[in-house]
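Subject: Structure handover

Hello,

Here is the structure for your files. My notes follow below it.

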Amino acid sequence: MKIPGTELWTSLPIPGLILDANDIISAVNPAAEGFLNLSGRSLIGTPVWDKVMIDAPLEESFARVRRDQSGLLINDVDVGSGERKPMQCNIQIAPLGESDTDVLMLISPRELAGRLGRSHSVHTSAKSAIGMAEMLAHEIKNPLAGITGAAQLLSMNLSSEDQEMTDLIVGEARRILKLLEQVEQFGNVRPPDRKPVNIHDVLDRARKSAMVGFAAHMQFVEDYDPSLPPTWADGDQLTQIFLNLFKNAAQAAEREGKSGKIVIRTFYDTSLRLRRTSGAARVPIQIEVIDDGPGLPPEIASDIFEPFVSGRENGTGLGLALVSKIISEHEGWIAVDSVPGRTVFRVSLPVAPKESMEQP
């Protein structure tokens with residue numbers, strides 16, 4: 001098969017296969033040969049399912065791509081071959097332009113996907129952080145209150161010079177107490193009370209709240225798709241998500257000593273489907289929060305949604321962890337792509353089910 005843009009195809013670092021109408025492999029690139037540990041000669045002309053082992057039923061996905069002529073992204077599937085052990089990957093399937101039946105399948109190993117666009121689902125990290133939160137809150141807050149009280153009592157009989165030291169103790173104790181309260185908040189987020197929610201109402205509420213407080217120095221630009229259907233979410237928790245993302249952008253601008261810009265973009269995209277125990281689910285409502293700050297520090301970029309990871313001095317590292325925890329509980333997805341001058345947090349959410357719209 002003649003491949004358009006042959007040089008680009010052969011130099012593509014992501015493993016790629018082209019399949020005909022019967023899912024027979026008609027072309028592979030060198031990256032796919034290396035990933036599958038099989039030669040192009042042994043792959044071409046054989047059914048893809050004989051050579052590529054994937055732990056998910058994808059026949060429906062291929063049929064959907066051919067029927068709708070639009071791409072799909074399937075995350076977190078194990079892909080292997082008879083010559084190599086399975087590796088967790090993201091798979092992208094797309095129609096191949098000139099043909100209605102040929103499709104392109106790109107296999108992105110998670111290690112590579114992490115470099116190209118970091119994304120994260122946070123069930124595991126969130127659960128571990130909840131246990132940490134409870135332990136810290138209960139074990140540290142009580143003795144801390146005793147230290148604060150003792151310092152205040154001592155200060156009554158001290159000179160003004162010595163009182164500076166007790167004031168320092170009280171001030172630092174209160175700072176630690178505030179950090180612990182944030183940790184406690186992370187662990188005590190209630191399950192979402194999900195209803196049909198207009199995402200633009202949520203974004204406007206969060207934006208207005210931010211503009212009269214921590215983001216007063218920022219310029220906001222709205223790029224909304226007014227045709228978006230309602231999402232299935234807890235409006236208060238979504239507001240918390242976007243307040244945290246706006247605050248993250250505002251603090252990044254502050255570190256550079258400038259007033260920055262935050263672009264809020266919404267659009268509809270059906271290509272992202274998440275694997276659930278009940279089957280694949282679409283998350284077509286997309287919200288992007290884009291800032292022009294310095295970008296994420298490279299040394300923490302891959303762990304930015306982990307609890308207690310922060311690029312700020314005195315940062316708790318819980319803001320983005322809380323964001324991803326809430327999104328995970330909404331069966332959504334969050335991803336981030338960051339370079340100096342442009343950081344994009346993308347939140348993907350499901351559409352409200354039809355039956356929920358019919359309720360009084």
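Just after helix α5, Q69 takes a positive phi of about 55°. Helices (H or I, at least four residues) and strands (E, at least two) are DSSP runs, numbered from the N terminus. Helix α5 covers residues 59-68, and S61, F62, R64, V65 and R66 are buried there. Buried means under 20% relative accessible area, with exposed over 50% and partly exposed in between (1.4 Å probe, protein chains only).

Before the rest, two notes on provenance. This is a predicted model: local features need pLDDT of at least 70, side-chain atom pairs count only at pLDDT 80 or more, and totals for chains, interfaces and linings use all residues. Residues are numbered from 1 along each chain as its sequence is written, and side-chain values use heavy atoms, leaving out hydrogens and water.

Overall picture. The protein chain has 13 helices and 16 strands. Of its 360 residues, 45% are buried. Take the contacts (heavy atoms within 4.5 Å) with a separation of 6 or more: residues 24 or more positions apart account for 65% of them.

Cores. A nonpolar core is a set of buried Ala, Val, Leu, Ile, Met, Phe, Trp, Tyr and Cys residues joined through side-chain atoms within 4.5 Å. The largest one has 40 residues, and F242, L245, F246 and I287 touch the most other members. Elements that each supply at least two residues include α9, α10, β11 (261-268) and β14 (285-291). The most comes from α10, with nine residues. Setting aside neighbours within four places in sequence, L245 contacts V289, L320, V323, F345 and V347. A second, separate core of 26 residues includes L38, I54, I91 and V103.

Helix pair. The axes of α9 (residues 199-211) and α10 (residues 235-255) come within 9 Å and cross at roughly 50°. Axes are lines fitted to C-alpha atoms, for helices over the stretch in contact, and angles run from 0 to 180 degrees between N-to-C directions. The two helices are therefore oblique to each other. For the cut-offs, under 35 degrees counts as roughly parallel, over 145 as roughly antiparallel, 65 to 115 as roughly perpendicular and the rest as oblique. On the α9 side, the contact includes I199, V202 and L203; on the α10 side, it includes L238, F242 and F246.

One last residue. H200 is found in α9. It counts as buried, at 11% relative accessibility. Apart from neighbours within four places in sequence, H200 contacts Y224, D225, P226, L228 and T266.

Best regards
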